[in-house]
Amino acid sequence: MHFVLHCMMYVFSVKTMQKHLLYIWLGVSFLFLFGPGCKTLKNLGTGNAGARSAKAVLSKTEKEKVNFETISLTGKARLNMPMANLDNVSASYRVSIEKDNQILIRVSYLIEVARILVTRDSIFVQDKINKRLIACDFSIAESYTGLKADFEMIQDLLLGNFHQIPDEINLSAESKNPLIFLGQKAGTAFAYSIDPEINKVIKIKASNLSKNQASEIVYSDFEEIGGTQMPQTTSVTVTSPEVVSFSLEHRKVEINPSRSSFSLSSLNNYDREECP
């Protein structure tokens, strides 16, 4: 699933995984969590009532975004990674987002074990257990998947906002509720499932056969927050090249909290590593 979430997976399992596995999961995560930005809906056309209705749903869904300047999400994360003998490992998290600017994720397992800072052009993973700072720019995304990195993609997917990756998408004729829109980008096939009653995406599936990559995000437990329906549970499943599942279960969401931190803790005596 997405770069940030797979960085969190790495941190949870840092004692049992070798360093090179981090880069495998970073690449897999980019499969559908980064893209060049929202696209127009020109491909749907207006030739019939079904196409017009589908275009209207997409237009409404695109506008249904959480309204905030800063937002705080706290809850429980759960990880399953059979290859690392991890089964339903849980940890606490706090996600702070400054709109369109930066994201800080703090992960705790009895104690705080990691911080992940996402800026407009970089991602920093502070592994507090092993005293390491891993720094990446977004170029790693394209090297694995052919899809360019995008800060807004991370922000939207963390909040459950619709963010279209393919330049063009088409309505699957057999779909009703949810409506399923299909498209391709850089050899990756995407399927967006949208609930037309709340105008929110409830599932994103992506697969790239040539790269042996397949994954999906499922949004559920919607509540009225920030002027829209916002999912309180985000579940990510990677089925290829290896099976990994991950979920975020929000316990508390605060719009424009009085205090928000966007800094890593002291990096004294930390070893710095760059992404390859």
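Modeller: Helices (H or I, at least four residues) and strands (E, at least two) are DSSP runs, numbered from the N terminus. This is a predicted model, in which local features need pLDDT of at least 70 and side-chain atom pairs count only at pLDDT 80 or more, while totals for chains, interfaces and linings use all residues. Residues are numbered from 1 along each chain as its sequence is written, and side-chain values use heavy atoms, with hydrogens and water left out.

Colleague: Which residue is joined to proline 178 by a cis peptide bond?

Modeller: Proline 178 is found in the loop between β7 (170–171) and β8 (179–185). The omega angle of the cis bond is about 10 degrees. The partner of proline 178 in this bond is asparagine 177.

Colleague: Is serine 72 buried or exposed?

Modeller: Serine 72 lies in strand β1, residues 70–81. Its relative accessible area is 2%. Buried means under 20%, exposed over 50% and partly exposed in between (1.4 Å probe, protein chains only). Serine 72 is therefore buried.

Colleague: Which side chain makes a polar contact with that of serine 72?

Modeller: Contact means heavy atoms within 4.5 Å, and serine 72 touches residues including Val95, Lys252 and Glu254, not counting residues up to four places away in sequence. A polar contact is a pair of N or O atoms within 3.5 Å; within protein, one must be able to donate a hydrogen and the other to accept it, and residues adjacent in sequence count only if both atoms are side-chain atoms. At 3.2 Å, the side chain joined to serine 72 is that of arginine 94.

Colleague: What is the phi of asparagine 88?

Modeller: Asparagine 88 is found in strand β2, residues 86–98, and is partly exposed, with a relative accessible area of 42%. Although asparagine 88 is not a glycine, its phi is positive, at about 55 degrees.

Colleague: Where is lysine 131 found?

Modeller: Lysine 131 also has a positive phi of about 55 degrees, although it is not a glycine. With a relative accessibility of 41%, lysine 131 counts as partly exposed. Its place is the loop between β5 (122–127) and β6 (132–137).

Colleague: Why is helix α5 largely enclosed by the rest of the structure?

Modeller: Helix α5 spans residues 151–159. Among its buried residues are Phe151, Met153, Asp156 and Leu159.

Colleague: Which residue takes a positive phi just after α5?

Modeller: The phi in question is about 80 degrees. The residue that takes this value just after α5 is glycine 160.
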